[in-house]
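Good morning, and thank you for making time for this presentation. Please look at the sequence and the structure while I go through the chains, their contacts and their cores.

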Amino acid sequence: MLIIYAIAALGLIGLSFGLFLAIAARVFAVETDPRIEAVKEILPAANCGACGYAGCAKFAEAVVNGDTDPGGCIPGGEDVVNEIADVLGIEVSSTAPPVATVFCVGDIYKAADRFIYDGVEDCTVADQMYGGFKACTYGCLGLGNCARACPFDAIRMGTHGLPLVDNEKCTGCGLCVKECPRNLIQMLPPGIEGHLVLCSSQDRGKAVSKVCEVGCIACKACIKACPQEAIEMDGKLAVIDLEKCNDCGDCVEKCPPGTIHPRSAFPSEKEAKASAASAEKVSESA
Amino acid sequence: MEKLLSIIFIYIFVENFVLHRFFGICPFLGVSRKMETAIGMSMAVIFVMTMATLVTWLLHTFVLVPNNLTYLQIVTFILVIASLVQLVEIFLRKISPTLYQGLGIFLPLITTNCAVMAVALLAVRQEFSLLEAVVFAIAASLGFSLALIIMAGIRERLELANMPDVLQGSAVTLITAGILSMAFLGFQGMLTL
């Protein structure tokens with residue numbers, strides 16, 4: 001008998017609370033836009049944060065509310081943008097993702113080391129130890145933080161100690177940019193047109209040529225050579241404006257250390273090794 | 001009247017639920033990082049505790065005791081608290097989405113907050129009248145809020161303080177909580193019911 005009382009009492013109490021809650025849920029229902037859910041389904045769900053929002057859900061909300069452009073989802077690429085545009089019924093201009101570009105060509109053959117680093121294989125750690133083992137305090141340490149940070153396998157470390165970016169795989173998420181302790185990676189508009197000064201050193205020319213064979217020595221020869229006036233000095237570094245560059249390549253020949261490279265043909269690891277080998281031969285014969 | 005006043009004083013200061021009885025330590029450490037969420041959590045706890053005690057006291061006196069079902073006390077109380085927390089959650093989501101997001105996981109956690117359960121059980125066990133029980137609940141939740149807000153204020157300052165790495169984060173929070181608890185020991189024996 002007792003147990004029936006207990007069950008009945010609890011059951012009744014539970015039932016009344018349940019009913020009360022059900023009514024409350026109706027009265028205080030929050031209307032959410034079904035499009036937010038639809039957009040969230042389309043997004044890659046990588047929650048990489050490249051769009052500047054805290055995860056894909058927040059981005060979906062912002063897109064639906066019109067706070068941001070669907071193109072903000074960089075890893076999603078064009079397909080995702082178009083699908084979102086379909087859901088929202090809006091037009092979007094095509095947006096190809098930018099690609100990561102490493103602004104250093106001082107590989108292990110051409111850039112000197114100051115001391116032998118035997119610590120953790122991590123650029124940030126190495127950078128903090130007496131300002132890095134590389135003689136150039138601006139150059140790539142080559143321990144591969146960017147390659148590890150890339151969720152799309154678009155960066156691998158070459159045998160010459162520099163990261164190599166696969167433009168096809170790069171989605172432009174920018175995680176490598178944040179990861180590099182020396183800020184050597186920039187996101188550039190896609191395409192292979194134009195030339196770039198692949199150096200980040202702000203040291204004086206003399207100091208640069210002491211530590212690296214291919215660093216920008218701020219001689220300004222390229223500025224004089226450029227018919228388009230596309231090159232300017234940023235401190236002690238020549239910078240080419242890609243918008244103005246017409247890919248003529250005049251600067252490449254005039255650059256004494258050979259820092260300028262066309263975007264269509266960045267130095268590969270094989271070339272680096274070959275040029276290092278030939279340089280050795282020259283010095284032996286001399 | 002005198003009893004009500006002493007209940008208020010005792011449960012805010014002398015027998016503070018967090019710092020003397022060590023109930024509700026989880027939200028005390030979890031939500032005290034920012035003043036804003038601490039205040040939000042305090043409001044939620046004040047509301048839930050008062051409502052829960054009111055409902056549980058009525059249920060206990062008019063349903064459980066007459067039917068000799070007092071052994072169902074804990075189960076019914078859990079039911080009441082869980083439903084109330086749900087209600088607060090639905091309500092907050094509608095009224096203040098910012099606060100709802102700020103509280104995050106801690107709102108559902110009030111369900112399992114032992115301080116709420118303790119207030120409901122103690123109110124019955126101490127044989128308070130309905131008015132006394134409600135005042136007791138308000139005082140206890142105010143005590144909880146006091147501890148939480150003091151803690152949040154201290155932690156906001158500690159965030160900027162220069163301290164050794166080993167102490168940062170949880171370590172210094174626990175030490176602070178301990179010192180705070182010892183400070184509240186100073187109220188000990190000032191008043192008894």
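From the N terminus on, the elements of chain B run α-α-α-α-α-α-α-α-α. Chain B thus comes to 9 helices and 0 strands, where helices (H or I, at least four residues) and strands (E, at least two) are DSSP runs, numbered from the N terminus. Before I continue, please note that this is a predicted model, in which local features need pLDDT of at least 70 and side-chain atom pairs count only at pLDDT 80 or more, while totals for chains, interfaces and linings use all residues. Residues are numbered from 1 along each chain as its sequence is written, and chains are lettered from A and ligands numbered from 1 in the order in which they are written.

Of the 193 residues in chain B, 41% are buried; a residue is buried if 20 or more other C-beta atoms lie within 10 Å of its own, exposed if 12 or fewer, and partly exposed in between, with C-beta atoms placed from the backbone. Two residues are in contact if their C-beta atoms, placed from the backbone, lie within 7 Å. Taking the contacts in chain B between residues at least 6 apart in sequence, 80% join residues at least 24 apart.

Helix H8 (residues 130-160) of chain B and helix H9 (residues 170-184) of chain B have axes that come within 11 Å and cross at roughly 140 degrees. Axes here are lines fitted to C-alpha atoms, for helices over the stretch in contact, and angles run from 0 to 180 degrees between N-to-C directions. H8(B) and H9(B) are therefore oblique to each other: angles under 35 degrees count as roughly parallel, over 145 as roughly antiparallel, 65 to 115 as roughly perpendicular and the rest as oblique. The crossing of H8(B) past H9(B) is right-handed; a crossing is left-handed if the near helix is turned anticlockwise from the far one by less than a right angle, and right-handed if clockwise. On the H8(B) side are Ile150(B), Met151(B), Ile154(B), Arg155(B) and Leu158(B), which meet Val172(B), Thr173(B), Thr176(B), Ala177(B) and Leu180(B) in H9(B). By class, this contact of H8(B) with H9(B) has 7 nonpolar, 2 polar and 1 charged residues. In this division Ala, Val, Leu, Ile, Met, Phe, Trp, Tyr, Cys and Pro count as nonpolar, Asp, Glu, Lys and Arg as charged, and the others, Gly among them, as polar.

I turn to chain A. Its secondary structure comes to 11 helices and 8 strands, and buried residues make up 33% of its 286 residues. For contacts in chain A between residues at least 6 apart in sequence, 60% join residues at least 24 apart.

Helix H2 (residues 34-42) of chain A packs with H3(A) at an angle of about 130 degrees, their axes being 8 Å apart. That makes H2(A) oblique to H3(A), and their crossing is right-handed. Arg35(A), Ile36(A), Val39(A) and Lys40(A) of H2(A) make this contact with H3(A) residues including Cys56(A), Ala57(A) and Ala60(A). The contact of H2(A) with H3(A) divides into 7 nonpolar, no polar and 3 charged residues.

Ile84(A), in helix H4 (residues 77-88) of chain A, is buried, with 26 other C-beta atoms within 10 Å. Leaving aside residues up to four places away in sequence, Ile84(A) touches Val39(A), Ile42(A), Val63(A) and Pro70(A). Leu188(A), in strand S4 (residues 185-188) of chain A, counts as partly exposed, with 16 C-beta neighbours inside 10 Å. Leu188(A) and Pro97(A) are 91 residues apart along the chain, yet their C-alpha atoms are separated by 8.9 Å.

How do the two chains meet? The contact takes 12 residues from chain A and 15 residues from chain B. The chain A side divides into 11 nonpolar, 1 polar and no charged residues. Helix H1 (residues 2-27) of chain A and helix H4 (residues 73-95) of chain B pack at about 0 degrees, with axes 10 Å apart; H1(A) and H4(B) are therefore roughly parallel to each other. Among the residues in that contact are Phe17(A) of H1(A) and Leu79(B) of H4(B).

Finally, the cores. A nonpolar core is a set of buried Ala, Val, Leu, Ile, Met, Phe, Trp, Tyr and Cys residues joined through C-beta atoms within 7 Å. The largest nonpolar core has 63 residues, and Cys216(A) is one of those with the most contacts inside it.
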